[in-house]
Amino acid sequence: MNQLQKEEYMQRAIELAKNGIHSCKPNPRVGCVIVKNDIVIGEGWHKKTGGDHAEIMALKSCEESPEGSSVFVSLEPCTHKGRTPPCIDSLINAKVSSVIFSSMDPNPKVSGKSIKLLETAGIEVSHGLLEEDSQELNIGFFNRMRANKPFVRSKIGSSLDGKIALHNGESKWITSEESRKDVQNLRARSCAIMTSNQTVLRDDPSLNVRLDNFSSDDQPLRIVIDSTGKCGGNEKIFHLPGETLLHHHRVDQSFLEHLGSMEINDLLVESGPRMNGALLESGLIDELIIYMSPCILGKDAIDMFAFPAIEKLSDRYSFVIRDLKTIGTDMKLTLRKNNV
């Protein structure tokens, strides 16, 4: 099997992993392809926490015995018993000849342990193939394992001149219907969605996922930051399927670490300029996703961020452009911190 074939099989495993992008949280998204005599005999992905992992699903789907096959998996096979038995045992018992995984498990307690177990069983092991793609798919999980906190995305809909609403607060709708539909996918892949009491009291948003065939059981946790205690509990957000957490303190590193302890991988912020400004000033935003409409609202409209004026360019907040595409009539910009 040449390198190009290996990359194609691993790319297929990563594509399979995306099938669980909305449903397997807080577990990582993992896909698996089993190849024998240059023919794919089994495929699988991790669909839901508590269900079969990708390797088990792939083994069960095999059209013939997996003995002597090569297994391509997008994340290191698990070696510990959690809600399900360790996948490593099933691979060894299946007598596969080689295991190629893209990324090592970021959990320092288990990272790399599969290698010795597989090699001891006489199974050839390699890793690192399309590693960046695999880690990008699970960036929240990797961030939580390494930094003990979720990956924080802030979603903003704005005009071309960086405004999110008119001076009187009117904002429906600056961006296109296609952009609003795309936001539903952002929500669906997130473990939690966070907003401020000001947004709740002003807009009475739902902040839930409204996609066809999306299970109520998979609704992200909704978090309302209400340090002033103004929310009365009658707002729409508190009475929809799924859970809503009311937090009476400001958002800081310790709160994000608390969310990490709750197994929150990806945190989506949908709020106004004060919360976005505070998070930006504190260095807590890892990624900005801006849906920018080709319109101009003028100087009296409301800015994306509210924070003290910067006196020197050296103090500016800088991001790297990760992606730029057109959605409907809008531009979608994905910006990430330099060190993420």
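**The loop between α8 and β9**

Author: N213 is placed in the loop that joins α8 to β9; helices (H or I, at least four residues) and strands (E, at least two) are DSSP runs, numbered from the N terminus. The model is predicted, so local features need pLDDT of at least 70 and side-chain atom pairs count only at pLDDT 80 or more, whereas totals for chains, interfaces and linings use all residues. Residues are numbered from 1 along each chain as its sequence is written, and side-chain values use heavy atoms, with hydrogens and water left out.

N213 has a relative accessibility of 84% and therefore counts as exposed; the cut-offs are under 20% relative accessible area for buried, over 50% for exposed, and partly exposed in between, with a 1.4 Å probe and protein chains only. The backbone of N213 has a phi near 65 degrees, a positive value in a residue other than glycine. D204 belongs to the loop between α8 (197–203) and β9 (221–225) as well. D204 also has a positive phi, of about 50 degrees, although it is not a glycine. With a relative accessible area of 31%, D204 is partly exposed. Most residues other than glycine have a negative phi, and most peptide bonds are trans.

The peptide bond from K25 to P26 is cis, with omega near 10 degrees, and P26 is situated in the loop between α1 (3–17) and β1 (31–36). G283, which follows α10, has a positive phi near 75 degrees. Within α10 itself (residues 273–281), the buried residues are P273, M275, N276, G277, L279 and L280.

A nonpolar core is a set of buried Ala, Val, Leu, Ile, Met, Phe, Trp, Tyr and Cys residues joined through side-chain atoms within 4.5 Å. The largest such core has 28 residues, of which M194, I223, V251, L267, L279 and I290 touch the most other members. A second, separate core of 24 residues includes A54, F101, I115 and I123. M194 has contacts, that is, heavy atoms within 4.5 Å, with several residues beyond its neighbours within four places in sequence, among them I223, I225, M275 and L279. In soluble globular proteins, nonpolar side chains tend to be buried together.

Two further loops contain buried residues. S159, in the loop between β6 (151–158) and β7 (163–165), has 0% relative accessibility and so counts as buried. Its contacts, apart from neighbours within four places in sequence, are I174, M292, S293, C295 and L297. V110 lies between β4 (98–103) and α4 (113–120); at 12% relative accessibility, V110 is also counted as buried. Leaving aside neighbours within four places in sequence, V110 is in contact with E76, T79, H80 and D105.

As for cysteines, a search of the whole structure finds zero disulfides, a disulfide being a pair of cysteine sulfur atoms within 2.5 Å. The closest cysteine sulfur to that of C32 belongs to C62 and is 8.3 Å away, too far for a bond. C78 is likewise in no disulfide, and its nearest cysteine sulfur, that of C87, is 3.6 Å away.

The chain that holds these parts has ten helices and 15 strands. Its radius of gyration, taken over C-alpha atoms, is 22 Å, close to the 20 Å that the globule rule (2.2 Å times the number of residues to the power 0.38) gives for 340 residues, so the chain is as compact as a globular protein of that length. Along the principal axes, the C-alpha trace spans about 70 × 40 × 40 Å. Of the 340 residues, 50% count as buried. Among contacts between residues at least 6 apart in sequence, 72% join residues at least 24 apart.
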